[in-house]
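Hello,

Here is the structure I promised to pass on. Have a look first, and then read my notes below.

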Amino acid sequence: MTTAVTVDYQSLRFAYRRHADQDAPADAPIRHPVVVVGAGPVGLTLAIDLAQRGVPVVLLDNDCTLSTGSRAICFAKRTLEVFDRLGCGQRMVDKGVSWNVGRVFFHDEQVYEFNLLPEAGHERPAFINLQQYYVEGYLAERAAQLPLIDIRWNNKVTGVEQRADHALLTIETPDGDYQLAAAYVGACDGSRSNLRQLLGQEATGRVFRDRFLIADIQTDADLPTERRFWFDPPFHPGQSVLLHKQADGMWRIDFQLGWDADPVAERQPERITPRVRALLDSIGFGAAQFTIGWASVYTFACQRMQRFRHGRVLFAGDSAHGVSPFGARGANSGVQDADNLGWKLAAVLNGEAQDAAAEALLDSYASEREFAADENIRHSTRATDFITPKSEVSRLFRDAVLALSRRHAFARALVNSGRLSVPAVLAASPLGTPDAEPFAGAMVPGAVAADAPVVDAGGHAGWLLRQCGGPGFSALVFGNDDEARTSLQAIEQSGLALHVVRVPVTAEGALAAQRYDARPGTVYLLRPDQHVCARWRQPTAAALCAAVDRALARSATMETAS
Ligand SMILES: Cc1cc2nc3c(=O)[nH]c(=O)nc-3n(C[C@H](O)[C@H](O)[C@H](O)COP(=O)(O)OP(=O)(O)OC[C@H]3O[C@@H](n4cnc5c(N)ncnc54)[C@H](O)[C@@H]3O)c2cc1C
């Protein structure tokens with residue numbers, strides 16, 4: 001009989017192990033294709049993605065623990081789809097709390113309710129709530145299954161030098177310093193990024209003059225699984241409060257405190273307990289018991305590095321950009337950075353993109369994700385401005401909008417308690433081929449492919465994105481054999497090693513066909529990160545080849561990244 005082992009991810013410690021690379025002569029450091037710095041959610045995602053594409057990775061972390069304290073809990077649908085491709089999405093969903101519904105209150109009255117995923121036919125929910133240490137723990141366990149990943153704990157990067165064909169990293173360990181040469185470095189070392197400082201770079205933006213108490217509490221109160229946000233509630237007057245359910249019966253409460261709050265005093269249980277008690281009383285759980293798990297007082301900034309690529313060093317996640325947590329865009333956008341970077345590094349390292357194309361492809365990582373970061377910062381800044389108005393006029397406007405939103409849909413559109421993370425549409429990307437024929441709907445070149453229920457070749461019901469999880473480019477071909485014959489012939493004539501996914505336009509594939517505005521013979525070309533990069537009603541072999549060349553930055557017609 002086997003017994004399930006319960007892992008306490010919060011107190012897990014990973015062992016430091018001396019590596020043979022540490023014994024290399026000082027003038028001949030060992031060379032690796034990719035070194036990823038930082039085993040947070042972003043570095044782990046990047047390492048797994050690269051390993052699954054056949055690229056060996058050294059993953060360095062200055063620590064020997066997973067995330068501690070109250071950090072990310074809301075992981076978005078797109079992040080789960082990426083984790084599915086990495087082989088650990090189901091674990092996250094099984095452990096996390098799935099939710100689609102949110103409620104917004106002004107004083108003690110609900111002003112509106114929203115559903116982030118009102119339509120059926122998606123495998124994953126809009127969000128799960130799961131403590132960051134579980135997410136990192138599951139990613140670390142997945143990484144440990146992949147022989148191409150060499151994780152080195154207690155390895156702190158303290159130096160980086162850009163050389164002609166590599167970056168030279170200096171690494172501090174309990175056994176002293178050593179050096180590694182890396183063809184490319186994934187800088188995923190978090191918001192205080194050493195690599196950013198070592199390269200003389202900075203992240204600039206706006207720091208919000210407000211403080212938030214973030215408390216994780218365990219309670220027996222049977223609260224509903226939905227996001228609740230209060231503006232100026234009677235139990236916490238003049239401020240805002242956010243409530244979320246997490247795994248293990250843990251609840252996350254964010255109490256806005258104001259800039260003058262004392263961050264040390266507010267962390268004390270005697271200050272937290274009455275705040276939590278008042279909230280529970282006011283929502284009808286006055287008799288509930290609770291214990292405080294973790295509490296911190298935070299301030300937030302929205303900022304980013306000007307460029308995410310510096311030669312052979314590519315910044316991803318919090319090292320590159322930071323947002324306030326309203327909208328859950330930090331880890332979610334960082335995972336999308338890694339998703340964008342992994343296949344591009346693999347294409348450069350395996351020779352699919354060489355010389356000028358390699359440079360352009362890596363530059364496209366920077367331009368695409370800088371664009372996405374700007375979008376995230378814009379949303380996050382607007383939400384934070386709405387939640388924490390900085391002048392009496394702004395507050396009056398905000399309260400008027402909230403009061404009107406009870407009855408008027410136009411006002412609801414102006415309420416901003418955090419527009420929740422959705423992937424950016426990279427419509428201006430130089431890697432996308434503009435449409436030559438009219439298409440309706442959201443699946444424009446640059447969009448992340450939408451999921452839909454489909455039936456696979458063996459007649460099994462499944463999900464479209466699961467079928468597009470291969471390492472290379474995929475072609476979604478709509479219609480049956482007769483209807484799609486010309487398109488299938490074009491794919492064959494192109495000689496491209498595309499992963500072909502057949503989607504009927506009737507019955508089981510109807511929803512997919514509708515989402516993609518597909519007719520019999522329609523073909524969508526998806527990048528390895530499942531972004532649409534071209535589509536045709538009926539492609540030619542030449543058009544397919546040109547689109548793949550363009551998506552790998554090999555095309556002479558490529559425009560400069562904006
Ligand atoms: C209160 C709060 C709530 C949040 N809620 C959400 C949410 O709901 N959803 C969401 O998406 N995001 C949320 N975030 C943001 C999220 O936590 C971060 O965006 C996420 O952790 C970024 O991941 P990362 O891998 O880029 O960096 P980190 O998680 O900071 O990981 C960086 C890693 O690099 C290592 N490291 C640092 N320096 C070195 C070095 N010199 N050498 C080697 N290793 C190094 C560190 O030890 C660490 O393991 C929240 C943040 C906070 C503070």
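How many bridges join strand β24 to strand β26? There are four, and the two strands, residues 474-478 and 523-526, run antiparallel. One of the pairs is S474 with L526 of β26. (Strands, E, at least two residues, and helices, H or I, at least four, are DSSP runs numbered from the N terminus; two strands pair if DSSP finds at least two bridges between them.)

Before going on, please note that this is a predicted model: local features need pLDDT of at least 70, side-chain atom pairs count only at pLDDT 80 or more, and totals for chains, interfaces and linings use all residues. Residues are numbered from 1 along each chain as its sequence is written, and side-chain values use heavy atoms, with hydrogens and water left out.

Both strands belong to an open sheet of four with mixed pairing, in the order β25-β24-β26-β27. β25 (499-503) and β27 (532-536) are at the edges with a single partner strand each, so one side of each has no neighbour in the sheet.

Now to the ligand. Of the 33 residues around it, D61, N62, Q132, N194 and D318 come nearest (near means a heavy atom within 4 Å). The side chain of N62 has an N or O atom 2.6 Å from a ligand oxygen; for the side chain of R71 the distance is 3.2 Å. C74 instead brings a backbone N or O atom to 2.9 Å from an oxygen of the ligand. Helix α7 gives the most to the shell, with three residues.

Enjoy exploring!

Notes: A polar contact is a pair of N or O atoms within 3.5 Å; within protein, one must be able to donate a hydrogen and the other to accept it, and residues adjacent in sequence count only if both atoms are side-chain atoms.
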